[in-house]
Amino acid sequence: MHRTLLGVLAAFPFLCVFGILGAQKSDQQAVQDFEIEGVGLFQCQCTAFACPCQTNGAPTHGTCYAADVAHIKSGHYGNVKLDGLNIAMVGDLVDAKSDRLFATLYLDEKASPEQFAALSKIVQYMNDQYVALPGEPAMPFRKIRPAALEFSESADKTTYGVTIPGILEEKAILKRSPDGTPVSTIAAMDDWSNVVHNAKNVAFRYHDPDVDKSWDESGDYANVKYFRLTKKMYAEKQLLGELGDMSGTWTPAQKEIIRKQGLNEKELKEK
């Protein structure tokens, strides 16, 4: 997956931005250190359990209508705590033709102005670092808005759900082996982690009249990931998603990350 996060220009939770073609490169020195831990859910229109975008390929259908959601269980940006906040990006998030890319960014309406600004800085920094194709322009997005974004995780970590009332409905089931290990785990290109767990897409429905987009991709691809992410990891290019080229095979730089981080798919375990 690539170009799933956008540079965020909004600084307050009730500011909506329209018609922006993506943030300019941020001043890296202005971005404070951050560390966030949590769980994410990604669903798209690619083939169930076999999304080629995860392994540096092009989308099954050319476009990839998707939702990338992250729930921050704990974390901070500078001295601003971000515990319990949610982020969702919805749109054509992966596409070899950059002119077709688009997205809407939904940020948790529970965020204070300081938290909203901090989330914005983190997302902007990640978007600046994550490269889909050499020379690709920034992700265009239709709108940035606060939303009543809810993320749910069952006690046994098998059932995940996301809702934005009247806009987004997601549900996925993560199958686990008797010892509790996810049964389908792969090294993958992802904004949040180098490891994802393929899951069953039970529901993925989206309808936002404000951006004139809607679809029902229930039954297609889904994954869950448990992440710990820092500014340093992006700055040092430790993520597979920073080094992709959509060739369909891992690049030499990606292979080196897989080797260094011990991401042998037969030995991957939940982090």
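Let us begin with arginine 100, which forms a salt bridge with aspartate 95 in this predicted model. The closest nitrogen and oxygen atoms of the two residues are 3.0 Å apart. How exposed are the two partners? Arginine 100 is partly exposed, with a relative accessibility of 34%, whereas aspartate 95 is buried, at 0%.

Glutamate 153 and lysine 73 join their side chains in a salt bridge, with 2.7 Å from N to O. Where do these two residues sit in the chain? Glutamate 153 belongs to strand E8, residues 150-153, and lysine 73 belongs to strand E3, residues 65-77. They are 80 residues apart, and the pair therefore links distant parts of the chain. Glutamate 153 has a relative accessible area of 26% and counts as partly exposed. Lysine 73 is also partly exposed, at 38%.

A further salt bridge connects lysine 143 with aspartate 210, and here the closest N and O atoms are 3.0 Å apart. Is lysine 143 buried or exposed? Its relative accessibility is 6%, so lysine 143 counts as buried, the cut-off being under 20%.

Finally on this topic, Glu169, Arg205 and Asp216 are linked in a network of salt bridges.

Arg205 leads us to leucine 168, because Arg205 is one of the residues in contact with leucine 168. Leucine 168 is found in strand E10, which covers residues 168-173. With a relative accessibility of 4%, leucine 168 is buried. Which residues does leucine 168 touch, leaving aside its neighbours within four places in sequence? The contacts are with Val90, Val162, Thr163, Phe204, Arg205 and Tyr206. The C-alpha atoms of leucine 168 and alanine 88 are separated by 9.8 Å, although the two residues are 80 residues apart along the chain.

Let us now consider the protein as a whole. It has three helices and 15 strands. Of its 271 residues, 57% are buried. Among contacts with a separation of 6 or more, 72% are between residues 24 or more positions apart.

Helix H1 runs over residues 113-129 and has 17 residues. From its first C-alpha to its last, helix H1 reaches 25 Å, close to the 24 Å expected at 1.5 Å a residue. Why is H1 described as largely enclosed by the rest of the structure? The reason is that 13 of its 17 residues are buried. As a general point, an α-helix has 3.6 residues a turn, so residues three or four places apart point the same way.

I turn next to the backbone. Most residues other than glycine have a negative phi. Asparagine 56, however, has a positive phi, near 70 degrees. Asparagine 56 lies in the loop between strand E2, residues 34-44, and strand E3, and is buried, at 1% relative accessibility. Lysine 237 likewise has a positive phi, of about 55 degrees, although it is not a glycine. Lysine 237 lies in the loop between helix H2, residues 231-235, and helix H3, residues 252-260. In contrast to the buried asparagine 56, lysine 237 is partly exposed, at 39%.

What about open space in the structure? The largest pocket holds about 220 Å³. It is lined by 13 residues, and the closest to its centre are Ser193, Asn194, Arg228, Met233 and Gln261. Which strand gives the largest share of this lining? That is strand E15, residues 221-230, which contributes three residues.

I must close with the confidence of the prediction. The protein averages a pLDDT of 85, and 83% of the residues score at least 70. Over residues 4-28, however, pLDDT stays under 50. The model has 83 contacts beyond four places in sequence for this stretch. Where pLDDT is low, the predicted coordinates should not be read in detail.

Conventions: Residues numbered from 1 in each chain as written. Heavy atoms only, no water. pLDDT = per-residue confidence, 0-100. Contact = heavy atoms within 4.5 Å. Salt bridge = Lys/Arg side-chain N within 4 Å of Asp/Glu carboxyl O. Helix = DSSP H or I, 4+ residues; strand = E, 2+ residues; numbered from the N terminus. Buried < 20%, exposed > 50% of the residue type's maximum accessible area, 1.4 Å probe, protein only. Expected span 1.5 Å × (residues − 1). 1 Å grid on protein atoms, 1.4 Å probe; cavity = no way out; pocket = protein on both sides within 12 Å on 5 of 7 lines; lining within 4 Å. Points joined across faces, edges and corners; volume = space filled by probe spheres on them.
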